[in-house]
Amino acid sequence: MLDDDGEVLVRTNSRARGYRNQPSETAETFGRDGFLRTGDIGALDEQGRLRIIDRKKEFLIDESGHNTAPAAIESALKSVCPLIGHVCLVGDGRPYLSALILLEPPELASDPRAAARVADAIERLNAAGDPRERIHRHMLLTAPWLPGEELTETLKLRRKRIVEKHADAIAAMY
């Protein structure tokens, strides 16, 4: 079952009934209806099959309250522009989405042709997507993101750390 915000909810006899002596954590995790709140965001296809598309805690909520699953947009942008090695959408509590982009190799960030290709890819992606999920500003970064720092050991984004480390660059986009 999917909750209103797309979170995958599960109810089965084989799961725990809650946290021992921690009623508030139990209520948060299991909810009033007894469904386990997985923290995964899902979508059902035409045949009713579930596809996990993001983690709920990874959502960006803009200042108008719109929830955006950044991983889907980041992945789409990388597929449209193969020069992009990593992209991190930002915009939590902000009026619009922006992107921090790291090209492969990072030295390409100083090449105007590479910058133009990225801008073109963002334009094409914006034209095809939800208007509330358009990337309004972006910044090409030149320092690589490293495992253990901005990336996990499996090269997934450590979004919180990226936002903290690049706070000045993010502020400049707003």
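In this predicted model, the largest nonpolar core comprises 18 residues, and those with the most contacts inside it are Leu77, Ile84, Leu89, Ile101, Leu103, Val118 and Ile135.

Another core, of 11 residues, lies apart from it and includes Val90, Leu141, Ile162 and Ile170. In soluble globular proteins, nonpolar side chains tend to be buried together.

Leaving aside neighbours within four places in sequence, Leu103 is in contact with Leu83, Ile84, Gly85, Leu108, Ala109, Ala114, Val118 and Leu140.

Glu104 and Pro105 are joined by a cis peptide bond, with omega at about -5 degrees. Pro105 is placed in the loop between β7 and α3. Most peptide bonds are trans.

The chain as a whole contains 5 helices and 8 strands, and along the sequence these follow the pattern β-α-β-β-β-β-α-β-β-α-β-α-α. Its C-alpha trace spans about 60 × 35 × 30 Å along the principal axes. Of the 174 residues in the chain, 34% are buried. Among contacts with a separation of 6 or more, 53% involve residues 24 or more positions apart.

The chain exposes about 10,800 Å², of which carbon and sulfur atoms supply 51%. There are 25 positive and 28 negative side chains in the chain, and the centres of the two sets lie 4 Å apart.

How values were computed: Residues numbered from 1 in each chain as written. Predicted model: local features only at pLDDT ≥ 70, side-chain atom pairs only at ≥ 80, totals over all residues. Heavy atoms only, no water. Core = buried A, V, L, I, M, F, W, Y, C linked by side-chain atoms within 4.5 Å. Buried < 20%, exposed > 50% of the residue type's maximum accessible area, 1.4 Å probe, protein only. Contact = heavy atoms within 4.5 Å. Helix = DSSP H or I, 4+ residues; strand = E, 2+ residues; numbered from the N terminus. Areas by Shrake-Rupley, 256 points an atom, 1.4 Å probe, with all protein chains shown as cover. Lys, Arg positive; Asp, Glu negative; His and termini not counted. Charge placed at Lys NZ, Arg CZ, Asp CG, Glu CD.
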